[in-house]
Amino acid sequence: MSLDRRSGCPINLSLEVFGDRWSLIILRDMIFGGRRHFRELLNGSMEGIASNILADRLKRLMELGMLTKADDPSHKQKAIYSLTEMAITLVPILAHLGAWGRVWLPTSEELSIRAELLEKGGPPLWEKFMDELRHEHLGTPLDPATGPSVRATLQAAYEAVVAGKALGTSPAA
């Protein structure tokens, strides 16, 4: 897909790719939520994307080379979406966006804990996460001695904050 080039500025060109809110939300849900099927992306997003918008953005992300689509071997009528290297390398950018949002915007504790851990983990954690995504989406080998996955660690932290809030033991409660 060719971009409408208003200029050769890298920030402008990046905004041409991510200027709509849904593209980054879809990539966020695939990267952090492990969602790879249309229904998972449709029903799993708390922002409530419409099915026609989701279909359009998935098509656009594939045309841009950020996603690939293949038949799901576990179900004849399902397709599975995979991140490309181009999309996987967004992890540091998403970590920075989350860190910025935690500082400047009224985030919730449970939804910002992942951003906090990514910020504190910095580049070593981002690299580990990108390696895990490469394994999951591109089939690259993964060092088995790396301990729990980054996604599992982030999810456990989220669940701990939610449980703490339910029990009234959360720092923000």
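Guide: What follows is a look at helix H2 and the elements around it. The model is predicted. Helix H2 covers residues 21-33, and helix H7 covers residues 109-138. Their axes come within 11 Å and cross at roughly 90°. An angle from 65 to 115 degrees counts as roughly perpendicular, and H2 and H7 are therefore roughly perpendicular to each other. On the H2 side, the contact is made by Met 30, Ile 31 and Phe 32; on the H7 side, by Leu 118, Phe 129, Leu 133 and His 137. By type, the residues of this contact are 6 nonpolar and 1 polar, with no charged residue.

H2 also takes part in covering helix H4, residues 51-63. H4 has 13 residues and reaches 18 Å from its first C-alpha to its last, close to the 18 Å expected at 1.5 Å a residue. Its buried residues are Leu 54, Arg 57, Leu 58 and Leu 61. These lie on the same side of H4, because they cover an arc of only 105° around the axis. Besides H2, what covers them includes helix H3 (38-44), strand E1 (67-71) and strand E2 (79-83). Just after H4, Gly 65 takes a positive phi of about 85°.

A further neighbour of H2 is helix H6, whose buried residues pack against H2, helix H5 (85-88) and H7. Those buried residues are Val 91, Pro 92, Leu 94, Ala 95, Ala 99 and Gly 101. H6 runs over residues 91-104, and its end C-alpha atoms are 20 Å apart, which agrees with the 20 Å that its 14 residues should span at 1.5 Å a residue.

Notes. Residues numbered from 1 in each chain as written. Predicted model: local features only at pLDDT ≥ 70, side-chain atom pairs only at ≥ 80, totals over all residues. Heavy atoms only, no water. Axes fitted to C-alpha atoms, helices over the stretch in contact; angles between N-to-C directions. Helix = DSSP H or I, 4+ residues; strand = E, 2+ residues; numbered from the N terminus. Parallel < 35°, antiparallel > 145°, perpendicular 65-115°, else oblique. Contact = heavy atoms within 4.5 Å. Nonpolar A, V, L, I, M, F, W, Y, C, P; charged D, E, K, R; others polar. Expected span 1.5 Å × (residues − 1). Buried < 20%, exposed > 50% of the residue type's maximum accessible area, 1.4 Å probe, protein only. Arc of directions from axis to C-beta.
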